[in-house]
Amino acid sequence: MNGFEIGYFALNYFSRPFLDNFDVIHIGLIFLILITKVAFLVRWGKFYFISFLFYLGFIWYPDSYLLRSSVAASIALFGFWALLGKRPGYQFFVPILMAATFHISALILIPFWWLRKIKISKIQGFIILTSIIFLGVFGIGHLIINMISNIFSVDILLVETLINYADSRYGESVGILRVSVLIYVLITIIYIYFKDILVRRIYGYDLILCILLFSLFLLLGLSDFEILSDRLF
């Protein structure tokens, strides 16, 4: 954890006198994560049962041990709840900032406030997706870190951490030929191809498409930098 990620530390500190057993805290957090995501899917998901099965099959296991990032993602959902409900900006930004106190990677979600009104046609969607796959073949994770280190001081904790990761086993390439990647790409292709049908059935179609493409950019474009790719995705 860095100095900004005080949320998880505070949770453990204040709960310890009452629950002096990390396993109890762990189970409790996993339960809250599950409840939060189920509530979000039921409220905003058109096919929430299928979404829930997908969550259990692909995300539930990493959620159970990547605890800080999982808690952060659950808190961030309240921001997206506000975004989909077209509520005032502070109702989006406050949960995102709160999520960042558990895992600073949550700050990557901030651009969605400005992406929420973007409309992407089917052709544009396929062009963007093709470009992302092309980037994934080469990987631009290390290039981005080098640019960040040249722009910002290496004395900044976050920049220093990224540089240290780049020079370790966490900075190795994971490639794009993985079953999970193929599934995510296939889902995105189907989502774009059937836009004319889905746009009438799914509320917030364009925002969800932005989330899909942005997420794939992180997963594939940064695939030469393992921890950056997987954690941000």
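1. Two residues are in contact when they have heavy atoms within 4.5 Å of each other. The model discussed here is predicted.

2. Helix 11 and helix 13 meet through a set of such contacts. On the side of helix 11 the residues are Val181, Tyr184, Val185, Thr188, Tyr191 and Ile192. Their partners in helix 13 are Tyr205, Ile208, Leu209, Leu212, Leu213, Leu216, Leu219 and Leu220. By type, this contact has 13 nonpolar residues, 1 polar and no charged.

3. The axes of helix 11 and helix 13 (residues 205–221) come within 11 Å and cross at roughly 150°. Angles over 145 degrees count as roughly antiparallel, and the two helices are therefore roughly antiparallel to each other. Their crossing is left-handed.

4. Helix 11 (residues 179–193) also packs with helix 8 (residues 122–138): their axes come within 9 Å and cross at roughly 165°. Helix 8 and helix 11 are therefore roughly antiparallel as well, and this crossing too is left-handed.

5. Which residues make the contact of helix 8 with helix 11? Helix 8 supplies Lys122, Gly125, Phe126, Leu129 and Ile133, while helix 11 supplies Val185, Thr188, Ile189, Ile192 and Tyr193. These divide into 7 nonpolar, 2 polar and 1 charged.

6. In helix 6 (residues 90–100), the buried residues are Phe92, Pro95, Ile96, Ala99 and Ala100. Viewed down the helix axis they fall within an arc of 145°, so they line one face of helix 6. An α-helix has 3.6 residues a turn, so residues three or four places apart point the same way. The cover over the buried residues of helix 6 includes helix 5 (67–84) and helix 7 (112–115).

Note on methods
Residues are numbered from 1 along each chain as its sequence is written. This is a predicted model: local features need pLDDT of at least 70, side-chain atom pairs count only at pLDDT 80 or more; totals for chains, interfaces and linings use all residues. Side-chain values use heavy atoms; hydrogens and water are left out. Axes are lines fitted to C-alpha atoms, for helices over the stretch in contact, and angles run from 0 to 180 degrees between N-to-C directions. Helices (H or I, at least four residues) and strands (E, at least two) are DSSP runs, numbered from the N terminus. Angles under 35 degrees count as roughly parallel, over 145 as roughly antiparallel, 65 to 115 as roughly perpendicular and the rest as oblique. A crossing is left-handed if the near helix is turned anticlockwise from the far one by less than a right angle, and right-handed if clockwise. Ala, Val, Leu, Ile, Met, Phe, Trp, Tyr, Cys and Pro count as nonpolar, Asp, Glu, Lys and Arg as charged, and the others, Gly among them, as polar. Buried means under 20% relative accessible area, exposed over 50%, partly exposed in between (1.4 Å probe, protein chains only). The arc is that of the directions from the helix axis to the C-beta atoms.
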